[in-house]
Amino acid sequence: MAVHEVDVVIVGAGLAGLSAGLSFHRAGISCVVLEAGDEVGGRVRTDVVDGFRLDRGFQILNPAYPAIRRLVDVDALRLGKFWRAVRVADGDRLSLLGNPLDTPKAFRDVAARRHLSVKDLAALGALTVRAAAGPAQAIVRGEDRATLDELRRTGLSDRAIESVFRPFLSGVFLEDGLSTSSRFFRLVWRSFLSSAPSLPALGMGELPRQLARSIPSDGVRTGTPVEAIGNGRVRTAGGDVWNARAVVVATDGTTAAKLVEGVPEPSWNSVTTWYFAPPRSPLSEPVLLVDGQGGSILNTAVLTEVCPTYAPEGASLVSASTLGQLAEPEMRRTLTRLYRTDASSWPLVGRYEIPHALPAMPSPHDFRRSIRFGDTTYVCGDHRDSSSLQGALASGARTARAVARSLTGDRGEERP
Ligand SMILES: Cc1cc2nc3c(=O)[nH]c(=O)nc-3n(C[C@H](O)[C@H](O)[C@H](O)COP(=O)(O)OP(=O)(O)OC[C@H]3O[C@@H](n4cnc5c(N)ncnc54)[C@H](O)[C@@H]3O)c2cc1C
């Protein structure tokens with residue numbers, strides 16, 4: 001058993017823990033990040049299987065997120081971009097819906113008013129102007145309701161909601177009731193307006209790896225699960241003890257609730273992502289495909305059309321995500337219908353079931369939940385801000401600022 005001394009111990013090297021660690025490092029405060037897993041990243045990791053890059057659950061990075069712009073060298077990630085549009089499968093058609101100024105190919109289906117009437121387009125325009133105008137803080141502090149209510153109040157028709165918005169947003173929120181906070185919806189919409197959803201060339205796991213590389217190498221210790229926390233002291237499963245002036249618990253919300261008294265456990269939205277390697281790309285476009293008939297697949301995409309590096313040279317990789325369980329024959333039948341090509345024998349390269357993917361965010365959602373749980377114990381993570389890359393990174397940085405102020409005796413209030 002060894003006893004160590006440091007200014008701050010961070011428990012967990014997901015995005016929140018790494019963001020906090022980087023902030024301390026930049027502020028000259030000594031810290032160590034103790035991570036249970038064999039690699040950094042938490043819920044943002046990528047496995048390489050037979051040359052295919054499989055993110056642990058399909059997810060996308062939006063480079064317009066403010067915390068990404070502040071903390072990440074986006075150019076170094078060599079992003080591949082999705083079109084800012086969505087393909088909606090309906091019967092034997094695949095309509096392309098998006099802003100024609102950004103995706104000219106979408107003009108035909110938008111002009112033909114497939115799925116969206118003139119009234120829907122006007123409602124969408126108004127929603128877009130409201131989301132884009134003014135500071136993000138106005139959204140965070142604005143009215144909150146379920147996203148479904150927000151869409152209806154905006155004036156969108158039931159047809160537009162059911163065939164476009166519900167399929168698309170269910171994949172963002174990982175719940176199909178659209179009960180997620182409309183504040184969060186407006187922020188997500190705003191970020192889609194400013195930048196295209198993207199994937200790093202080396203997989204989503206490259207994002208936390210890049211952050212970890214900015215922290216001195218002895219500052220992040222993987223394979224080090226923490227068992228107990230109390231009063232400026234952390235005990236690892238291996239029996240080591242770390243004494244610190246502050247402890248930042250940056251685990252997922254369920255683990256934080258076990259380690260720290262008073263932290264509420266979130267309820268979780270789950271997802272399962274399947275990866276297939278068809279012999280050739282079934283859709284030669286970097287676009288998200290959703291089921292306008294509200295089938296069991298949340299969304300699917302040919303990831304190699306976004307980033308060819310997701311597969312060995314010349315090969316294709318398709319992701320398909322579902323909310324609940326789906327038997328493989330049903331998955332293949334649905335893919336066959338959506339891509340209008342036989343998917344029955346596409347090789348399956350991976351399948352990830354993630355019961356704890358996103359902390360649920362019903363309205364009203366508070367983007368700045370308390371982070372201090374005792375004199376020296378702080379808690380950060382997406383469950384304290386918002387269930388997203390942005391939420392996790394911003395939470396880590398916000399917590400690091402609070403700890404730094406406390407260590408330096410600065411009693412200034414947290415910036416709103
Ligand atoms: C499938 C999926 C799809 C998503 N899609 C998107 C998307 O498209 N866009 C978006 O913005 N966000 C998306 N998200 C959400 C985003 O990935 C998360 O909100 C964010 O990564 C959470 O980071 P975190 O640091 O708060 O938590 P975590 O990533 O959970 O990190 C917690 C860390 O703590 C470690 N830990 C736990 N217990 C201990 C212990 N006892 N001792 C030491 N370490 C411990 C864990 O191993 C982990 O590394 C998605 C998430 C998933 C899972």
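This is a predicted model: local features need pLDDT of at least 70, side-chain atom pairs count only at pLDDT 80 or more; totals for chains, interfaces and linings use all residues.
Visitor: What counts as a helix or a strand?

Guide: Both are DSSP runs numbered from the N terminus: helices are H or I with at least four residues, strands are E with at least two.

Visitor: How many Å does helix H7 span?

Guide: Helix H7 (residues 158-173) spans only 19 Å between its end C-alpha atoms, whereas a straight helix of 16 residues would span 22 Å.

Visitor: Where in H7 does a kink lie?

Guide: A bend at a residue is the angle between axes fitted to the seven residues ending there and the seven starting there. In H7 a kink of about 45 degrees lies at Phe165, shortly before the proline Pro167. Leu174, with a positive phi near 60 degrees, follows H7.

Visitor: How many residues of H7 and of H13 are buried?

Guide: Buried means under 20% relative accessible area, exposed means over 50%, and partly exposed is in between, using a 1.4 Å probe and protein chains only. In H7, 12 of the 16 residues are buried, so H7 is largely enclosed by the rest of the structure. Among them are Phe165 and Pro167. In H13, 17 of the 19 residues are buried, so H13 too is largely enclosed by the rest of the structure.

Visitor: Which residues does Thr147 contact?

Guide: Contact means heavy atoms within 4.5 Å. Thr147 lies in helix H6, residues 147-154, and is buried at 0% relative accessibility. Leaving aside neighbours within four places in sequence, Thr147 is in contact with Leu169, Phe173, Leu178, Ser179, Thr180, Ser181, Ser182 and Phe185. Of these, Leu169 and Phe173 are among the buried residues of H7.

Visitor: How many salt bridges does a search of the whole structure find?

Guide: Side chains of opposite charge can pair when their charged atoms come close. A salt bridge is a side-chain nitrogen of Lys or Arg within 4 Å of a carboxyl oxygen of Asp or Glu. The search finds 24 salt bridges.

Visitor: Which parts of the chain does the pair of Arg245 and Asp7 link?

Guide: Their side chains meet in a salt bridge (3.6 Å, N to O). The pair links distant parts of the chain, Arg245 in strand E12 (residues 241-249) and Asp7 in strand E1 (residues 3-11), 238 residues apart. Arg245 is partly exposed at 46% relative accessibility, and Asp7 is partly exposed at 22%.

Visitor: Where do Asp102 and Arg84 lie?

Guide: These two form a salt bridge with the closest N and O atoms 3.0 Å apart. Asp102 lies in the loop between strand E7 (93-98) and helix H3 (107-111), and Arg84 in the loop between strand E5 (79-81) and strand E6 (85-90), so the pair ties together parts that are 18 residues apart in sequence. Asp102 has a relative accessible area of 34% and Arg84 one of 27%.

Visitor: Is Glu206 buried or exposed?

Guide: Glu206 is buried, with a relative accessible area of 10%, and lies in helix H9, residues 206-213. A polar contact is a pair of N or O atoms within 3.5 Å; within protein, one must be able to donate a hydrogen and the other to accept it, and residues adjacent in sequence count only if both atoms are side-chain atoms. The side chain of Glu206 makes such a contact with the side chain of Arg213 (2.7 Å).

Visitor: How many disulfides are there?

Guide: A disulfide is a pair of cysteine sulfur atoms within 2.5 Å. By this rule the count is zero. For Cys380, the nearest cysteine sulfur, that of Cys31, is 11 Å away. Cys380 is buried, with a relative accessible area of 0%, and Cys307 is buried at 3%.

How values were computed. Residues are numbered from 1 along each chain as its sequence is written. Side-chain values use heavy atoms; hydrogens and water are left out. The expected span of a helix is 1.5 Å times one less than its number of residues.
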